[in-house]
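Could you look over this one with me? My notes are below, as numbered points.

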Amino acid sequence: MAARPLNVNVGVLGHIDSGKTALARALSTTGSTAAFDRAPQSRARGITLDLGFSCLRTALPPQLGPGPGELQFTLVDCPGHASLIRTIIGGAQIIDLMMLVIDVTKGMQTQSAECLVIGQIACQKMVVVLNKIDLLPEGKRQSAIEKMTKKMQKTLENTKFCGCPIVAVAAKPGGPEAPESENPLGVSELIEVLKSQAYLPSRDPSGHFLMAVDHCFSIKGQGTVMTGTILSGSVSLGDSVEIPALKVTKKVKSMQMFHTPVTYAMQGDRVGICVTQFDPKLLERGLICTPDSLHTIHAAIISLKKIQYFRGTLQTKAKFHITVGHETVMGRVMFFSPAPADFNEEIQENVFDFEKDYLYQEQYLSKDSVSSEENKENDQAGEVQLPKQQWALLEFEKPVTCPKLCLVIGSKLDTDIHANTCRLAFHGVLLQGMEDKNYTETFLPKLKVYKLKHKEGQVERVMDDYSVIGRSLFKKETNIQIFVGLKVKLSTGEDGIIDGGFGQSGKFKIRIPDGLKPDTKMLLTVASKKKSKGGKGDVTKEDESSKNDSAQPVTISLSFKRYVFDTQKKMIQS
């Protein structure tokens, strides 16, 4: 039996009408059942609507191992239309190498930029393909290509793809209507560049089998075929596989890889799996796996990073389109960070520590989210302090089925597709899913996210050397009893403890364990004498004395933490 070819998945991404499908066709030696816009809807609309798959087989390049062997590039042709970005994100999660296809006459366009963002999140290597060079006048062609190459190099300067190869081609000279006899330009050079960029992707056949299914159809007399890419583990003939979204388990009857029957396939392989007695209409796209290995979740904790090209802030309580695995659902977010003292602490990757305290944030902290006033202060003091890691609680509008540690992308897909703006807002890793429908009662109380609360009042008068009466800290109707025992600080430096209410108007008594400083006592005595001097009927004098009094009142500050998910709403002071 011939040795298995080394398979590398190559994504073909770019703006609509940049010639991606023509390029995939020009490169391919074999098409799958889902290649080159075969779907009737794609043909009718003249655009790619779904992921297309084909393959290019070539000799193994020297950097990938000695001796004879075959390298198989599985080409994943992604749609370019803005409305199909969910499909593009799904395609990006199964690729090892990306080709960003640019129409040389137009340069970077909105969806080219979004594809570049997705590539930076999901992919290690990229090749830029400047397509449609046949549309440039021959005399000016070379200089136009050089100009666009320089432009693209500048665009990629601050990305992880800085310095990546840029190749000029004409995948279909003369356009879609040109005769098939027209030979593509630059494709053999592109194949050499792809071979030079190919690397040994990490493939692990152990662990649970998980496959992203992108097409499902029936073959008369055979059964139902599910085609897709294996994300983890391996599968053999006769294995049982589960369709978790439908809670259905089926036996693998036969398998093919690009029309070749196989008995085994592993992580990274593109495969068609045939099962019997299953209606293909029930599964358009989704996941299949080892039985009972995937879980359906209602909420999740993710570690995340904001996408730098997204304009605007990421607000807590805002709704985003959340793409998890191959599903996109609406979800609400709540952002939180380490406690300020731990901002610089190194965080263990892909692990969430439920023992630690976290600080609630009204929005994701980034340089542009810090107010201009804070910026002015920080500019004088130095760099803005931002945490090394931030997290979000995602609450889904409908449950999703996904593996742990999968990629999560948050987008604003309801943004006008004609606006020249990036709709991808953040990306992250799913650290903890919540399977219980009642997670708000059973799970969230374990999550120690707190808000800092701060209240200010004033000292009204001195009772004796060790106690004062305060006001303006609580409303008249507040139950002061729940605050008894909490520590407060006077603006003159003394530490106090709330001892109880005083009268009916929200005033309260503060005990000063170390006693009042003589200066404080004098300040408060002078202030209360001024007050009492203004007789009851003398309004103007009282107004004047209160003005003097308010010029330098002794303030009381009360600070405490309250945990967001604590059902008892306890107040905690360090």
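1. Helix α4 is mostly covered, with ten of its 13 residues buried. Buried here means under 20% relative accessible area, exposed means over 50%, and partly exposed is in between (1.4 Å probe, protein chains only). Among the buried residues of α4 are T110, E114, C115, L116 and I121. Helices (H or I, at least four residues) and strands (E, at least two) are DSSP runs, numbered from the N terminus.

2. A word on the source: this is a predicted model, where local features need pLDDT of at least 70, side-chain atom pairs count only at pLDDT 80 or more, and totals for chains, interfaces and linings use all residues. Residues are numbered from 1 along each chain as its sequence is written, and side-chain values use heavy atoms, leaving out hydrogens and water.

3. The length of α4 (residues 110-122) checks out: at 1.5 Å a residue its 13 residues should span 18 Å, and the end C-alpha atoms are 19 Å apart, which agrees. The expected span is 1.5 Å times one less than the number of residues.

4. K195 sits in helix α6 and counts as buried because its relative accessibility is 13%. Beyond its neighbours within four places in sequence, K195 is in contact (heavy atoms within 4.5 Å) with T58, A59, P61, Q63, L71 and F73.

5. K172 lies in the loop between β7 (166-168) and α6 (187-197). At a relative accessible area of 25%, K172 is partly exposed. Setting aside neighbours within four places in sequence, K172 contacts A22, D134, A178, P179 and E180. The C-alpha atoms of K172 and G19 are 8.1 Å apart, although 153 residues separate them along the chain.
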